[in-house]
Amino acid sequence: MDSDLHYRTHLPSKMVKSELGIWSVLKSCVGKDLSKITMPVQFNEPLSFLQRISESLEYSQLLDTTHVKSDVERMEIVAGFAISNLASNYNRLGKPFNPLFGETYELQRNGFRLLCEQVSHHPPISAFHAESETFIFHGWIYPKLKLGAKSIEIHPKGTMHLYLKRYNENYSWGNVNCSVHNLIVGKLWIEHHGHMELTCIETGLSVNLNFKASGWFQTELHRVDGFIINNNNKKKLRYLYGKWTESLRSTDIESYEEYEKNNDHKSRLLGESSMESSNIKKSPSVSPKPGKKIFQKLNSLSLRSFSSFEPGGPDELSPDSQDDSMPKADGEIIEILNSKILWEVSPRPDYSPDYYHFTLFTMSLNQILPDVVICLTDSRLRPDIRMLEDGDLEVASVEKQRLEDQQRKLFKVNRPDIQPQWFQKCGMDWKFTGEYWTSTKSHISSIF
């Protein structure tokens, strides 16, 4: 089916620039849950959060494990897939639209079909279920956002589940935290940090991936590493390392230990002692290229933060605000001997900054394909998202306000009679009923 369809490579309109001050809107929200705050449409990107979830499957081809016989290799593949889920977040500083209760999004692509549904209004919870001939990927996400003194902290609650049909193996993991820095002074920049633990009950294997914070020496930006461990004897089986913005690699333990032995003096020179004092092990993969920048310049004091900019331009910060400068990426990952690539990011088009830094995969997510019938609750039919995509900020703002008012009115009082259509609560998880793909949906009305 995919080969017969033409997926667009651009949005209908480039991102509209605005001079609206970001801090003037956010300064009264410090300490609050931003999911409950009405934000101007200028801060949005033209996607619903349900569509953002679908980006987790951009690299779904990784899960074709029909040729993989080793349980350790399968854990490597699943770890690569989990890391790939985050790659599209790089430089994506626009906020997705909050889904309305009952809003859905379906996607059939690359041999899988996916359904997402907003199953709770407060707290805002999105459930999803994707299936192909080789896997089932499902879970739920509650993207809890809070505003700190100088950053937005994103703590996505929820659990991801992956079932590999051929091997009858169940994998699970949680999302990793994210921060957007320099809201007041400096350049906006984003990082993932914390731990992501992947487990498989059937094989007894796990991997604890450590997403490094940039740190005082700013040598760990975007870096992630961890070990595949046999939980029965606690033996380390493989070392995984890379950047969530670029790639993930794997090597054997002997090669990793040899690398550590030969490069220990370099790690100390790069500030490992300070890392040890905070119980964080330094990644053995620093390539000293101090002049190279991964991030492009952003202006955090206006909506230019979410538009295109010139890479490698002069630093516009005053000397008094250097502590709020944007970290410099520390070069390429050095490949350890006997390493193999588990996942590698697909390059974005050169014009991506003009279109909210979308990947090619993302460019097509809000596209309504000819002769394809979608449910009346599908995110593609939201007028506010459509108008923002078309570059009409004024109408987008009016429609966004109308839908939010409509939602608040609906849930002004407790409504236990209003239930999700396609998912059911099952303990802490949400289970897909399976009825969506066979239903005529004749009983479904538009919520937009």
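K400 is buried, because its relative accessibility is 7%. Buried here means under 20% relative accessible area, exposed means over 50%, and partly exposed lies in between, with a 1.4 Å probe and protein chains only. Its partner is E404. The two form a salt bridge, with the closest N and O atoms 2.8 Å apart. By salt bridge I mean a side-chain nitrogen of Lys or Arg within 4 Å of a carboxyl oxygen of Asp or Glu. E404 counts as buried too, at 18% relative accessibility. Both residues sit in helix α8, residues 393-410. They are 4 residues apart, about one turn of the helix.

A word on the model. It is predicted, so to speak of local features we need pLDDT of at least 70, and side-chain atom pairs count only at pLDDT 80 or more, while totals for chains, interfaces and linings use all residues. Residues are numbered from 1 along each chain as its sequence is written, and side-chain values use heavy atoms, with hydrogens and water left out.

Back to salt bridges. How many does a search of the whole structure find? It finds 21. Some are joined up: E45, R52, E55 and R92 are linked in a network of salt bridges.

Now look at K340. K340 forms a salt bridge with E76, and the closest N and O atoms are 2.9 Å apart. That pair links distant parts of the chain: K340 is in strand β16, E76 is in helix α3, and 264 residues separate them. K340 also meets E73 in a salt bridge, at 3.8 Å from N to O. This second pair links distant parts as well, E73 in helix α3 and K340 in strand β16, 267 residues apart.

Are these residues buried or exposed? E76 is buried, with a relative accessible area of 1%. E73 is partly exposed, at 34%. K340 is partly exposed, at 32% relative accessibility.

Stay with helix α3, residues 71-84. Why call α3 largely enclosed by the rest of the structure? Because 12 of its 14 residues are buried. Among them are V72, R74, M75, I77, V78 and F81. The length of α3 also checks out. At 1.5 Å a residue, its 14 residues should span 20 Å, and the end C-alpha atoms are 20 Å apart, which agrees. The expected span is 1.5 Å times one less than the number of residues. At the N-terminal end, S70 is the cap: a side-chain oxygen lies 3.2 Å from the backbone nitrogen of V72. A polar contact is a pair of N or O atoms within 3.5 Å; within protein, one must be able to donate a hydrogen and the other to accept it, and residues adjacent in sequence count only if both atoms are side-chain atoms.

Next, backbone exceptions. Most residues other than glycine have a negative phi, and most peptide bonds are trans. Where is the cis bond? A cis peptide bond joins H122 and P123, with omega about 0°. P123 lies in the loop between β4 (112-120) and β5 (125-131).

K234 has a positive phi, near 65°. K234 lies in the loop between β13 (223-230) and β14 (235-243). K234 is exposed, at 59% relative accessibility. Y356 also has a positive phi, near 65°. Y356 lies in the loop between β16 (340-344) and α6. Y356 is buried, with a relative accessible area of 6%.

Now W437. W437 lies in the segment after β18 (429-432). What does W437 touch, not counting residues up to four places away in sequence? It touches E106, Q108, R113, L114, L115 and F432. Contact means heavy atoms within 4.5 Å. W437 and L114 are 323 residues apart along the chain, yet their C-alpha atoms are separated by 9.9 Å.

Last stop, the surface. I368, L376 and L381 form a nonpolar patch there, with about 230 Å² of accessible area together. Patches are made of residues with over 30% relative accessible area and no salt bridge; like charges are joined within 9 Å, and nonpolar side chains (Val, Leu, Ile, Met, Phe, Trp, Tyr) within 5 Å. Accessible areas come from the Shrake-Rupley method with a 1.4 Å probe; for residues, only the protein chains shown count as cover. I368 is placed in the loop between α6 (360-363) and α7 (383-389). I368 counts as partly exposed, at 42% relative accessibility.

Methods: Helices (H or I, at least four residues) and strands (E, at least two) are DSSP runs, numbered from the N terminus.
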